[in-house]
Amino acid sequence: MSHSMAPPDTGPVPIVAHPGRSDRTPAIEVRHLTKIYGQRGGAKGWSRGKGAGATHKPAAKDVEFTVGEGEFFVIMGLSGSGKSTVLRMLNRLVEPTSGEILLDGKDIVEMADPELRAVRNRKINMVFQHFALFPHRTVRENAAYALHVRKEGAAARTERANWALETVGLGEWGDSLPGELSGGMRQRVGLARALASDADILLMDEPFSALDPLIRRDMQELLIKLQAELRRTVVFVTHDLNEAMRLGDRIMIMRQGEVVQLGTATEILESPADDYVREFISDVDRSRVLTAGVVMQPPIAVGRPGDRPSKVLERMNRPGAHAQGAYVLDADSRILGVVEGEAIAGAVHRPDARLEDLARPPLGTIRTETTLSEACTLVGGDCVPLAVLDHEDRLVGVLPRATLLQAIATPAASTLEGDRHHA
Ligand SMILES: Nc1ncnc2c1ncn2[C@@H]1O[C@H](COP(=O)(O)OP(=O)(O)OP(=O)(O)O)[C@@H](O)[C@H]1O
Ligand SMILES: [Mg+2]
């Protein structure tokens, strides 16, 4: 149980890096993917009345990315930036003009029809913005649709669909018709259908954008919960960076068919690639994206059982520390308690005073993954800065009030109001 990696007495503790996802097994690898509508096959049945030759500007240009197994990957950008085009090429609803799309190492661009159909039936499932439910079929039949297409038996279909409906909180609604459900519930059926299909990869094209904000929030939370349990590979399109950051392990930002930036929410917040990205960021609620592990500071005032109070007091008074108290840690860096400055000062001249006897429990602690928004109510309540613990309850950093405020404050960037996010 115990770890020998106890940080040194008072030295700085390394900041926990945002968990990178690049070490996952790749589920989707996209190389040099380009789409010019009106060339080579074109979109099947999607034409928006722009005949071939109307535009030769690439809708997607030399797009490259890799999605790891179980990763939640978000594509975001303004309207017309090529998000849907890229997403639909992943199952060839839109035919690529050039490039490769490897699913588990196999290029689906090269696949002949029967093989492609098998991939669409089993491996990939798409959730659309407008539910696409059959109005005259029950909710259960709608949820079981993929299994119906695969000609699976009635019992298996029912069982699978019931499980999926239960999972999205619609267990009671299997016999209803879609028309009897609210918009949010209908989108849950869409989600249930994707889950029931057992597809490894879910493609979602703005699935929540037709929902009102509160329902949308519920759906995002449902999806986060489902993803924590089911760990599907998800590619999710949105033009809302807040949604992207709430849901995505990584986010790919597109503009005019090209990838502008690809990274974690934190990476994008901390180093936006250009003004286009900066524009999006100015709308983001940083407090809900940034976590304590990302912005925390090394704990300065720390004592160990047996330390002399005068020694701890010295640390508290070091230039720049201005600490009003100190954490007392055991050998594994777990918190034994907090000693207040006054208690320490009072004990300095008592040779028998033991630090651990002066300690009381901290008023609160948080974890590295706690968002700053959640940390807000706890910060600044104690004489010591709020403790940040890892999964083994070890103190890995602290979150002083000033650090929290600084991290949340939007950097003074030139923000043009009003001329973005037109749908
Ligand atoms: N079937 C089509 N035929 C011709 N051009 C198309 C077709 N579909 C999309 N386009 C064009 O390709 C570009 C990218 O469109 P796409 O739908 O991929 O963007 P998007 O980022 O999904 O936008 P939105 O947020 O509005 O859904 C746009 O200029 C669009 O007009
Ligand atoms: Mg789109």
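I will cover the nonpolar cores and then one arginine.

This is a predicted model, so to speak of conventions first: local features need pLDDT of at least 70, side-chain atom pairs count only at pLDDT 80 or more, and totals for chains, interfaces and linings use all residues. Residues are numbered from 1 along each chain as its sequence is written, chains are lettered from A and ligands numbered from 1 in the order written, and side-chain values use heavy atoms, without hydrogens or water.

A nonpolar core here is a set of buried Ala, Val, Leu, Ile, Met, Phe, Trp, Tyr and Cys residues joined through side-chain atoms within 4.5 Å; buried is under 20% relative accessible area, with a 1.4 Å probe and protein chains only. The largest core has 63 residues, and Phe236, Leu241, Met245, Ile251 and Leu399 touch the most other members. Helix 6, residues 183–196, gives the largest share, seven residues; helices are DSSP runs of H or I, at least four residues, and strands are runs of E, at least two. A second, separate core of 30 residues includes Leu33, Val63, Leu103 and Leu116.

Now the arginine. Arg24 sits in the segment before strand 1 (26–35). Is Arg24 buried or exposed? Arg24 counts as buried because its relative accessibility is 18%. Its side chain reaches the backbone oxygen of Glu69 at 3.0 Å, and a polar atom of that side chain lies 3.1 Å from the backbone oxygen of Gly70. Leaving aside neighbours within four places in sequence, Arg24 has contacts (heavy atoms within 4.5 Å) with residues including Arg231 and Asp249.

Terms used:
Buried means under 20% relative accessible area, exposed over 50%, partly exposed in between (1.4 Å probe, protein chains only). A polar contact is a pair of N or O atoms within 3.5 Å; within protein, one must be able to donate a hydrogen and the other to accept it, and residues adjacent in sequence count only if both atoms are side-chain atoms.
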